[in-house]
Amino acid sequence: MSEEQAQEQNQTIQEVQQEQSQQPQIEVHNQQVKEEVQQKEEIQEKQEKQEQVVQQIKQEIEVKDDNQQQQEAIQQAETITQKEPEQEIAQDEKKVEGDQAKEQEDRQQLAEKNPETMSSNLENLFLKADYSFPIEIKVSDPVQKSGGISNYVVYTIKGKDCFGEFEAQRRFNEFYTIRELLLAKWPGQYIPPIPEKSVSTGSDIIIERTRLLNIFCMKMMQIKHLYYSEEFYDIFLRSTNPDINKQISQIPKQNVFAYTERYKQAFQITDIKEISPEMIKKMSGVQIFLKQSSTSLAKLLEQAKNLSSSRKQLKETFFTIFGLNFSEYEKQILQEWVPQNKMVFSNPANADILELAKKIRDPNNNSLDKIQDLISTEQRDIDAFIQAFQTRDSLMQSKQKAEQKLSEEQSDLYKIMKGNSTMKGSFSKISLEEQKQKLELQLNETQKEVDQYKLLFQLVTDVLTSYTIDKFKKDKHQTYKSILADLASCEQQQLEIQQEFWSKVQQVIAQSQEP
């Protein structure tokens, strides 16, 4: 064999060996492609079967008698809770089952209520209150107290409503707590604002807070379903518990069914309206107006602060000149040739002139502060009403969470229908059939929760557009007129003091000129 033929033969052998070495890789790749295609087909087939099973489950749930189904599930839950689990996960499952059974019982009780068997709380909220009774309420007499680490201020609340007179002492943080509770209890409703939190307890801060907390209470008494809610009139205004914050924190949380009942009871609603384009347009218009007003109010507030500050400085300067300096001028300059009984400001017989000057200077009697309060409260009202829209939107977020929970339960039920246990069920001793019954009950309850969130969202939107917005505008006009009337009265009183001051000065001068 020639050398050239030998080289060709070796090259052929190498090519054959190379093809043989690559053949397993090609086969592996082909197998992977084949498996991927098969896996996609299986996933698609599973999804189609899952949709069919879920649809079948829904039909079965609609056909089954709800009461019998719930009774069987409750008995099964009781049987399960009597078993002693061997693993920690099983213990967690028992706790979840107990919570779900309690929640189910609460829902059933709410669904079965009628006017004769209504809970005492709801009955106390609205049915006993006389909305026509003129409410009186005032925040006054702030007193600083020592709280160990820091000082705090206690405000006295006095008033009278259809349940009688009341008097309570409350700290600022208790005002804050009751408002936060009302926000949680009344999603989609305007809750009157309170002043911002502040670490300072200076006299100016305390005086301003007293005025603004008065405005808060005045607005609360205008919104009867908030004023006569159990949390406000029964606990905040009348409770003798020394720790109101703790008492409020112990109030049971409400579920979506309780929220719906509370709204229906407060606003006497029997038919829940669908959300219409007119409702959406009205809410959108109000939100645009509130945002546009915020910029204008910021400028007005700055002007009002400057005006109030100028008035305070003018009052102080007035007292310095007429209450102090003129008296010193008479003593040091005029007394050499003018007898003391002829003096105006330094004559002890004219001490009432000095007292009138002190009244004019009184920093707590600056009526222009009311203009500042009006504008700052308007700003807070805007933020508070925007909060109402935000708490309404939070209901939709809660509904989406319930829908996600429903989807997960449907997926778990599909697995069980296929003969596979769920992740949670794999650590449980109950059979697949028992897991199926339990999940069917959960599906039914979660579907009710989703539907209830939808109804509550519609209900809140209806109340917001048909009642809250209109009342907000009306009450705002009423508050505006009330504050201006109060301002006019204070200004007249201030002018009367000034007039009395100058009349007294004229009288003393006239008497000193007599022979």
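Select Q268 in the loop between α10 (256-267) and α11 (277-334); helices here are DSSP runs of H or I with at least four residues, strands are runs of E with at least two, and both are numbered from the N terminus. The phi of Q268 is near 50°, a positive value in a residue other than glycine. Q268 is exposed, at 58% relative accessible area; exposed means over 50%, buried under 20%, and partly exposed in between, with a 1.4 Å probe and protein chains only.

This is a predicted model, in which local features need pLDDT of at least 70 and side-chain atom pairs count only at pLDDT 80 or more, while totals for chains, interfaces and linings use all residues. Residues are numbered from 1 along each chain as its sequence is written, and side-chain values use heavy atoms, with hydrogens and water left out.

Next, select α11, which has 58 residues. From first C-alpha to last, α11 reaches 81 Å, close to the 86 Å expected (1.5 Å times one less than the number of residues). Centre the view on N325, where α11 has a kink of about 35°; the bend is the angle between axes fitted to the seven residues ending at a residue and the seven starting there.

Move to D141 in strand β1 (residues 136-146). Its phi is also positive, near 50°, and D141 is partly exposed at 47%.

Finally, select β2 (residues 151-161) and β3 (residues 164-171), an antiparallel pair with eight bridges; pairing requires at least two DSSP bridges. A hairpin of two residues joins β2 to β3, and T156 stands opposite Q169 in β3.
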